[in-house]
Amino acid sequence: PQLVEPEGDAPEDRFADIRQVLSGLTPRERLLMVAERMFADEGLAACSVRAITAAAQVNLASLHYHFGSKEGLLEAIFAARAKPIADERMRMLAECRKGPGRPPLLEQILTAFLLPALTLGMEPRFGGPAFARLRARLGTEPEKVHQRILSKAFDESSKAFMAALQAALPDLPPADVAWRFHFLLGTMVYTMAYSGRIRSLTDACDPSDQRAALTQLIPFLVAGFRAPSVPESAQPLDFGAGS
């Protein structure tokens, strides 16, 4: 397909490394690939429709024709990227069971949830680091935007995993399971986004090594899920008490 030259002053080409790939894609595919990077780096609000179409070298009408709006474009990115992750999670969850020679059920469930995100989700053909950053960035978007998109992409699989975790931890109240699943999501998203923060503090670990991260993450989360239930009357420590 023929590329459309951007109007006006062309911005610095941040897509030089994939420009050759983009030239062989359809306008719809170019919009998806370019917008994924731009949304991940700048957020939805900071990216204008004109900037996206200029970077993708398509006309404005093409974006509106294929996606309707920026929000529609973002939803399409998530629909394409999230489905393989959710499908693989459900496949692995179906294989989780107790039995001789098998790992504990909780470890199996957590691995089934995290492994697709930290391996499959990081492959370039499924968005790689750009989608990981976008997933983290989405949490900063207005709630009505990110709730709708994440619900469409992950609610079905996430609810199945919450039910499996509750079944594996029958003595843990549902509220505790929900809180710990909430913390699981936060830990996963931060690990996927790879901010590089830990590298400025120590060279003892490389968080870009997703397999190593998973090896450390599973026992960390298992300890959290297996911790005793938190009493309803519990309060955070008050370091000012008695001073």
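A cavity is a set of points, on a 1 Å grid over the protein atoms alone, where a 1.4 Å probe fits but cannot get out. Its volume is the space filled by probe spheres set on the points, which are joined across faces, edges and corners. This is a predicted model: local features need pLDDT of at least 70, side-chain atom pairs count only at pLDDT 80 or more, and totals for chains, interfaces and linings use all residues. Residues are numbered from 1 along each chain as its sequence is written, and side-chain values use heavy atoms, with hydrogens and water left out.

**Exercise 1. Describe the largest cavity: what is its volume, and which residues line it?**

Step 1. The count is 1 cavity of 30 Å³ or more.

Step 2. The volume of the largest cavity is about 30 Å³.

Step 3. Lining residues have an atom within 4 Å of a point. Here they are Phe-39, Gly-43, Leu-44, Leu-74, Leu-134, Arg-137, Leu-138 and Glu-141.

Step 4. Sort them by class. Ala, Val, Leu, Ile, Met, Phe, Trp, Tyr, Cys and Pro count as nonpolar, Asp, Glu, Lys and Arg as charged, and the others, Gly among them, as polar. That gives 5 nonpolar, 1 polar and 2 charged residues.

Step 5. Helix α7 gives the most to this lining, with 3 residues. Helices are DSSP runs (H or I, at least four residues), numbered from the N terminus.

**Exercise 2. Describe the largest pocket: which elements line it?**

Step 1. A pocket is an open set of points with protein on both sides within 12 Å along at least five of seven lines. The largest has a volume of about 520 Å³.

Step 2. Its lining has 23 residues; Arg-135, Leu-150, Asp-155, Ser-158 and Leu-185 lie nearest the centre.

Step 3. Two or more residues each come from α5, α6 (105-118), α7 (128-138), α8 (143-168) and α9 (174-193). The largest share, 9 residues, is from α8.

Step 4. By class, the lining has 13 nonpolar, 6 polar and 4 charged residues.

**Exercise 3. Find the buried residues of helix α3: where do they lie around its axis?**

Step 1. Buried means under 20% relative accessible area, exposed over 50%, partly exposed in between (1.4 Å probe, protein chains only). In α3 (residues 49-56), the buried residues are Ile-52, Thr-53, Ala-55 and Ala-56.

Step 2. Seen down the axis, they fall within an arc of 160 degrees, so they line one face of α3. The arc is taken from the directions from the helix axis to the C-beta atoms.

Step 3. These residues pack against α1 (19-23), α2 (27-42), α4 (60-67) and α5 (70-94), with contact meaning heavy atoms within 4.5 Å.
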